[in-house]
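Subject: Structure handover and notes

Dear colleague,

Please find the structure below, followed by my notes on what turned up in it. I would be glad if you read the two side by side.

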Amino acid sequence: MKKAVSKSAVIAIGNTIVVLICCIFLTIGVWKVLSNQAFDFNLKQTMSGQPHEDIVVVGIDTESIKSVGPYPWDRKVYAELVERLEKAGAKVIGFDVEFYTESNNPESDKRFAEALSKYKNIVLPSHADVESDFDRTMKLKEGEWITARKVEQPIPLFSQYANKAHINAVFDKGVIRTNWLQINTPEGVFPSMGLAMAQLAGVDVSKYLNAPSLQNRPKSEMYIKWDVNELDFETIPVSRVLSGTIPQDTFKDRLVLIGYTAPGSDEGSTPVEEHMHLVYAHANILNQILKQQWIQPANGAVTVALAALMILLYGFLTWRLKPITAVVVIFVVSILLIIGQYMTFAYSDFYIDTIGAVVSGLISYLANIAMKTYFETKQKNYITKQFGRYISPDLVKEIAKSDSEIQLGGISKELTIMFLDVRGFTPLSEKLKPEEVVDFLNMMFNLITERALENHGTIDKFIGDAAMILYNAPLDVPHHPYYAVKTAYEIQKGMEKIRAEVLEKYGVTISVGIGINTGDVVVGNIGSYLRVDYTAIGDNVNTAARIESNTSPNQILVSESTYELTKSYFEYQFAGEKLMKGKSMPLKLYEVIQWKIAPSEEKEAHQVS
């Protein structure tokens with residue numbers, strides 16, 4: 001009992017340490033990169049590619065630069081652009097173009113200001129000066145505003161007529177995943193471009209303004225629902241608007257974003273496109289608000305709880321299932337967890353970070369498989385140590401007689417090889433006290449060893465709870481196939497009493513499977529000069545081992561060669577043919593049913609007749 005408690009304590013302590021380590025890793029964001037990649041994958045795979053029909057982008061593209069002239073343009077161009085769009089019935093016009101300084105042509109500035117003064121639906125951008133490159137390093141309590149030290153706005157000539165908005169991008173490891181809907185500045189609260197345009201269009205934005213703060217995020221920060229790529233938005237070059245070649249109803253009652261679309265200008269990295277012109281980032285945010293979409297991540301406590309569950313589940317599966325089965329089941333569970341998370345996001349925009357849970361579970365599996373291997377190895381070593389106490393007296397005598405050092409090498413010789421495997425010891429050992437385990441091993445091993453040595457066998461080795469016994473080596477043994485089968489038969493008979501006692505006392509079934517083969521092998525001292533084993537090697541040894549692996553509990557199977565040499569002495573039953581590994585033809589197997597007669601008795605019977 002002490003051993004079982006000790007083992008349970010080690011498992012409990014080990015898994016507690018795993019839970020603590022994984023919780024620390026989750027808290028400090030060790031798996032953040034993987035989680036971000038999973039989140040980005042979700043976004044990309046769930047994109048509809050269908051922008052809201054009210055959004056249109058007017059692009060400052062290569063075609064327009066060639067037509068209008070080198071950039072920057074004279075501001076009378078923007079004045080004309082505004083007037084054409086307003087005349088076409090645009091509901092809101094948002095500029096993703098900065099006007100922070102006066103131009104070299106005051107008359108053109110005045111011309112643009114006059115155009116702005118005529119309308120109340122135009123948004124010009126500003127840029128808030130927050131801590132440089134906000135990358136989750138700012139110490140900010142959840143629910144607090146992002147507060148700017150100052151804000152860079154359009155020149156007063158323009159700002160007095162236009163609606164204000166900020167165009168700050170939020171970078172998370174270089175990728176834009178979220179947006180600050182509002183930033184608090186010394187000049188007041190500035191909405192983002194998308195929010196400002198939606199408000200001017202009369203869209204109900206209370207869902208966004210009153211939404212609860214994301215965990216560990218500033219007030220009014222939201223995940224961007226990247227739903228549309230650049231090419232999916234309807235984009236019209238500035239030059240075509242100015243030339244009047246666009247149908248009049250193209251812009252009627254629509255929200256127009258004006259920004260750079262020429263290659264290499266005003267780009268940023270997003271989860272869905274590595275180089276996206278940022279005017280389309282504003283378009284995606286506006287699209288999200290118009291469609292009333294909101295990505296709600298699961299609370300951090302849910303993530304931690306899920307990780308703890310996976311740690312316990314994977315640990316449990318590791319101990320309860322066979323290694324290969326456990327690997328398969330854990331793999332399937334991990335895949336199902338990831339698929340379930342994806343389906344939840346796809347149909348409800350609710351995001352659960354399962355990467356941390358899966359990785360934590362895999363850490364649990366590795367830790368538990370290490371503990372399991374340790375205990376199994378410890379148990380195997382214990383059994384091997386017990387078996388190792390026994391060695392063939394004949395082999396000891398031969399070594400003792402030699403005056404010279406043991407030489408490496410072997411000879412080819414016909415041997416009968418027996419492989420024996422004790423089954424059911426592991427569940428039994430977990431129910432026994434240490435002294436009871438020793439008593440049981442002594443009783444069982446004494447039976448095996450006494451029967452083997454009584455029948456002229458040499459115990460080659462014990463491998464955990466398995467044994468390899470040789471007949472006809474190192475000394476010649478007449479009728480060695482008979483003695484091998486006789487040993488197996490006597491062991492199975494002796495096991496009947498042991499098996500009944502164990503079953504009655506502990507409720508565990510103990511059985512032995514035995515396989516026997518006769519054939520030529522190489523036998524001798526094999527190893528190095530530092531460690532020598534007297535053993536046999538060759539195909540017939542492997543065949544004997546594979547025969548044993550095909551036995552049922554309490555069954556003795558022999559090969560055809562052993563059967564032919566012993567069929568006069570034992571009653572057999574044909575057990576069928578088995579295709580063994582490394583063999584091109586099936587191997588005939590025979591099951592030992594009953595002992596009939598010894599070789600000496602057979603000889604005497606022939607003489608009498």
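His456 sits in the loop that runs between helix H16 (434-454) and strand S18 (457-463), where helices (H or I, at least four residues) and strands (E, at least two) are DSSP runs, numbered from the N terminus. Although His456 is not a glycine, its phi is positive, at about 65°, and the residue is partly exposed, with a relative accessible area of 38% (buried means under 20% relative accessible area, exposed over 50% and partly exposed in between, with a 1.4 Å probe and protein chains only).

Before going further, please keep in mind that this is a predicted model, in which local features need a pLDDT of at least 70 and side-chain atom pairs count only at pLDDT 80 or more, while totals for chains, interfaces and linings use all residues. Residues are numbered from 1 along each chain as its sequence is written, and side-chain values use heavy atoms, with hydrogens and water left out.

On confidence, the chain averages a pLDDT of 86, and 89% of the residues score at least 70, pLDDT being the predictor's confidence in each residue, from 0 to 100. Over residues 133-140 the pLDDT stays under 50, and for this stretch the model has 19 contacts beyond four places in sequence (contact means heavy atoms within 4.5 Å). Residues 604-609 also have a pLDDT below 50, and that stretch has zero contacts in the model beyond near neighbours in sequence.

As for the chain as a whole, it has 20 helices and 24 strands, and buried residues make up 49% of its 609 residues. Of the contacts with a separation of 6 or more, 78% are between residues 24 or more positions apart. The chain exposes about 29,800 Å², of which carbon and sulfur atoms supply 55%; accessible areas come from the Shrake-Rupley method with a 1.4 Å probe, and for residues only the protein chains shown count as cover.

Returning to the backbone, most residues other than glycine have a negative phi, and most peptide bonds are trans. Asn472, which is not a glycine, has a positive phi of about 90°; the residue lies in the loop between S19 and H17 and is buried, with a relative accessible area of 8%. Pro474 is placed in the loop between strand S19 (466-471) and helix H17 (480-506), and the peptide bond from Ala473 to Pro474 is cis, with omega near 0°. A cis peptide bond also joins Tyr71 and Pro72, with omega about 5°, and Pro72 is in the loop between helix H3 (62-68) and helix H4 (76-87).

Three strands form an open sheet in the order S6-S7-S10, with antiparallel pairing (two strands pair if DSSP finds at least two bridges between them). Strand S6 (170-172) and strand S10 (221-223) stand at the edges with a single partner strand each, so one side of each is left without a neighbour in the sheet. From one strand to the next the twist averages 45°, where axes are lines fitted to C-alpha atoms, for helices over the stretch in contact, and angles run from 0 to 180 degrees between N-to-C directions. Strand S7 (residues 175-180) pairs with S10 over three bridges, and the bridge partner of Trp180 in S10 is Glu221. Helix H2 (residues 32-45) packs on this sheet, touching S6, S7 and S10, and its direction makes about 80° with that of S7.

Finally, a search of the whole structure finds 18 salt bridges, a salt bridge being a side-chain nitrogen of Lys or Arg within 4 Å of a carboxyl oxygen of Asp or Glu. Arg451 and Glu490 meet in one of these, at 2.9 Å from N to O; Arg451 lies in helix H16 and Glu490 in helix H17, so the pair ties together parts that are 39 residues apart in sequence. Asp129 forms a salt bridge with Arg149, the closest N and O atoms being 3.7 Å apart, and here Asp129 is partly exposed, at 27% relative accessible area, whereas Arg149 counts as exposed at 54%. Asp40, Asp172 and Arg177 are linked in a network of salt bridges.
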